[in-house]
Amino acid sequence: MASKHTRIGAKLITVAGIGALALMASAQEATRRQPVSAYPTPTEFPNQDLAAVNKYLAEARRIAGDELFPDFIHRCIISPRYPVRVRGIQFDGLVEPTKLFDQLYSVGQNAVSSHALVTSAGIVLFDTLNSPEEAEKIIVPNLRRVGLDPKNIKYIVVTHGHGDHYGGARYLQQTYGARVLSSAIDWDMMASEKGNGPFAGLEPPKRDMVIEDGQALVVGDTTLRFYTTPGHTPGTLSTIFPVTDKGQPHLVGLHGGTGGGRDIPGLQAGIKSYVRWREITSKAGVDVLVANHPLHDRGIENNELLRARIPGQANPYILGRDRYQKYMQVMETCSRVHLARLGGKE
Ligand SMILES: [Zn+2]
């Protein structure tokens, strides 16, 4: 009896299996039958100055060389022309929190970053993801997983006034009493944009500390320097701060708006900001790239390399001074490509 039952059971499974395969096949056909007219197309730029586009594309490609080729294709080509590909990679998803430097941790998610800088006077958190829920269910547990206490968050730097960066700030401000920093312009923007687009109903943090261009903030043993770098938003805030990698000193340049400008005025401002940011970071000796989206500093890949790092291997976030400058020059030149696509002039 037992063997008969088994046979019948196996037969049933086979039949069910064929049924499932048939369903899968018809689903695939249904997908194939989606009208071609519904397929995404590359973004068109009817006003583009093609000669200028080609000139700056070639220039950005040359500056990027092989080492920065992925950053060049992302900023110059994929993001502006094939945004659906960006959405395919930059989706909301959980990733492992990771120690990047002796005092810097990645505690964000796949689409957008949050970084915790540990000082002798508490934690400085750069950005807070999309929402109060992400702050509570991603940032807080990630901090704990790397051995940090969220009660020690002293300051929150909002790199710019878009919801994916300030979304969790109000929650952390209210829960832990953290002070929140932004430029005056982006404080205004957060207040006025409340309820816009994909962030409908999202409450910005209560207006707190206003940071001026060139301002320094001393937090215990660590000095942060802030610069306003308009472009991505009118009051994008960029920060320079020191870290150590296994005791060796390095300097991080966290540009707050590597997503670049969206329209002609934003791109024009962004190009000027990149020129100035390159001067500032070059003089300061910045050699580490940390960005506010993993897609902008290869955060997912770098963190994987760091978790598998063996003694003697380089920290992939340390680009060196020259390559850091080249990266920013590629961003600047891609902004020129995009300005030419929109038919604008510097
Ligand atoms: Zn943004």
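Author: The accessible surface of the protein comes to about 17,000 Å². Carbon and sulfur atoms own 55% of that surface. Such areas come from the Shrake-Rupley method with a 1.4 Å probe, and for residues only the protein chains shown count as cover. This is a predicted model, where local features need pLDDT of at least 70 and side-chain atom pairs count only at pLDDT 80 or more, while totals for chains, interfaces and linings use all residues. Residues are numbered from 1 along each chain as its sequence is written, and side-chain values use heavy atoms, with hydrogens and water left out.

The C-alpha trace spans about 80 × 55 × 50 Å along its principal axes. The protein has twelve helices and twelve strands. Both are DSSP runs numbered from the N terminus: helices are H or I with at least four residues, strands are E with at least two. There are 346 residues, and 48% of them count as buried. Buried means under 20% relative accessible area, exposed means over 50%, and partly exposed lies in between, for a 1.4 Å probe and protein chains only. Take the contacts between residues at least 6 apart in sequence: 68% of these join residues at least 24 apart. A contact means heavy atoms within 4.5 Å.

Charge comes next. The protein has 39 positive and 34 negative side chains. Lys and Arg count as positive, Asp and Glu as negative; His and the chain ends are not counted. Each charge is placed at NZ of Lys, CZ of Arg, CG of Asp or CD of Glu. The centres of the two sets lie 5 Å apart.

On to the empty space. Rolling a probe the size of a water molecule over the atoms shows where it is left. The search uses a 1 Å grid over the protein atoms alone. A cavity is a set of points where a 1.4 Å probe fits but cannot get out. A pocket is an open set with protein on both sides within 12 Å along at least five of seven lines. Lining residues have an atom within 4 Å of a point. Grid points are joined across faces, edges and corners, and a volume is the space filled by probe spheres set on the points.

The largest pocket holds about 880 Å³ of space. It is lined by 36 residues, with V86, Q90, H232, R262 and H293 closest to its centre. Several helices each supply at least two lining residues: α3 (69–81), α4 (83–89), α6 (163–166), α10 (294–297) and α12 (321–341). The most comes from α3, with four residues.

The structure holds three cavities of 30 Å³ or more. The largest cavity has about 90 Å³ of space. Its lining counts 14 residues, and S106, S113, P294, G299 and N303 lie nearest its centre. Two elements give two or more residues to this lining: α10 and α11 (299–307). Three residues come from α11, the largest share.

Stay with this stretch of chain. R298 sits in the loop between α10 and α11. Its phi is positive, about 55 degrees, although R298 is not a glycine. Most residues other than glycine have a negative phi. R298 counts as partly exposed because its relative accessibility is 29%. I300 lies in helix α11. At 32% relative accessibility, I300 is also partly exposed. Leaving aside neighbours within four places in sequence, I300 is in contact with V95, N110 and P294.

Two loop residues elsewhere are buried. L129 lies in the loop between β4 (122–126) and α5 (132–145). L129 has a positive phi of about 65 degrees and is not a glycine. Its relative accessibility is 0%, so L129 counts as buried. A178 is in the loop between α7 (169–176) and β6 (179–182). A178 is buried too, with a relative accessible area of 3%. Not counting residues up to four places away in sequence, A178 touches I153, K154, I156, L172, Q173 and D208.

Last, A58 in helix α2 (residues 50–64). A58 is partly exposed, because its relative accessible area is 47%. A58 and V337 are 279 residues apart along the chain, and their C-alpha atoms are separated by 9.6 Å.
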